[in-house]
Amino acid sequence: MAKSAFEYVKTFECSDQILPNTWIVVRIDGKNFHKFSDSHKFKKPNDKRCLDLMNKSAVTVMNDIKDIIMSYGQSDEYSFIFERSTKLYKRRLSKLLTNVCSLFTSSFVFFWKDFFPDDTLLYPPSFDGRVVCYPTNKNLRDYLSWRQADCHINNLYNTTFWALVQEGGLCRAEAEKKIRHTVSAEKNEILFSQFGINYNEENAQFKKGTFIIREKLHKKDIEMENGISTGSGLILAFLDIIGNKFWQKNGILN
Ligand code: DGT
Ligand code: MG
Ligand code: MG
């Protein structure tokens, strides 16, 4: 068929193919969820309904895009890791990013009523997205460790902060001042001595975030702490992904 006189405009498109053989990570993050969580009266510091809805949206993405082999989520963010050798969309960055981000967002809205049966979604939420590619297994493990360390640091801070406000009767500024320069051990001590909270016994989903892995990558005889099978070839687990134990036992990313 003859080309139209307008066809030349295609030559203005930029190539955005990602380097072959590297780990592709797509991370999405809720836009202004500080406001979104306030508007929807989320429980502080963690609202399990929202975290479960985030997990449901991530599972939906992984069921649709089979080249994603694992993902990790905490707070209002999720990271999706593509198979190193993926050829999906010829590894075009914009295709990979926009497909993940839009399916995640539409799932978040679509399944909202299942997790918040009594609360109307007040306005359309959105998620930003970025792609980072990592050349080595160590880089990828360090990336996942970075996100889980972020979860740990924020969750310990927020748990202590909200205990001081909600149970300790401090105003937000006083609570912030009290823990501003404390290290982890001191926050643990405040929680235990003032509120009888043993941080180690807090919900693992809050402390560690959620890791989702394809069952085929996970050796059956390995115990997953709190692992939940979704029935669609995926396992959800709230486990430590910073240490070597999980990776060594499964023989991946070593
Ligand atoms: P951004 O990402 O730059 O558009 O801005 P935010 O406000 O989304 O900031 P971000 O992503 O750094 O922090 C996530 C916010 O979401 C933070 O203010 C706490 C809130 N959030 C996330 N999960 C929960 C939850 O389960 N309960 C409550 N109360 N807040 C949550
Ligand atoms: Mg955000
Ligand atoms: Mg965030």
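In this predicted model, an oxygen atom of ligand 1 is placed 3.0 Å from a polar backbone atom of Gly30, a polar contact in the sense used here (a pair of N or O atoms within 3.5 Å; within protein, one must be able to donate a hydrogen and the other to accept it, and residues adjacent in sequence count only if both atoms are side-chain atoms).

Looking around the ligand, 15 residues surround ligand 1, the closest being Asp29, Asn32, Phe33, Asp47 and Asp76; a residue is near if one of its heavy atoms lies within 4 Å. This shell divides into three nonpolar, six polar and six charged residues (Ala, Val, Leu, Ile, Met, Phe, Trp, Tyr, Cys and Pro are nonpolar, Asp, Glu, Lys and Arg charged, and the others, Gly among them, polar). Strand and helix both take part: β1 (23-30) and α1 (33-39) each supply at least two shell residues, and α1 gives the largest share, three residues. Helices (H or I, at least four residues) and strands (E, at least two) are DSSP runs, numbered from the N terminus.

Elsewhere, helix α2 (residues 48-64) holds Asn55, whose side chain makes a polar contact of 2.7 Å with the side chain of Tyr78. Asn55 has a relative accessible area of 6% and is therefore buried (buried means under 20%, exposed over 50%, partly exposed in between; 1.4 Å probe, protein chains only). Cys133, in strand β4 (residues 127-134), counts as partly exposed because its relative accessibility is 32%.

As for the overall fold, the protein has nine helices and seven strands, and 43% of its 254 residues count as buried. Its C-alpha atoms fill a box of roughly 75 × 45 × 35 Å along the principal axes.

Residues are numbered from 1 along each chain as its sequence is written, with chains lettered from A and ligands numbered from 1 in the order in which they are written. For this predicted model, local features need pLDDT of at least 70 and side-chain atom pairs pLDDT 80 or more, whereas totals for chains, interfaces and linings use all residues; side-chain values use heavy atoms, leaving out hydrogens and water.
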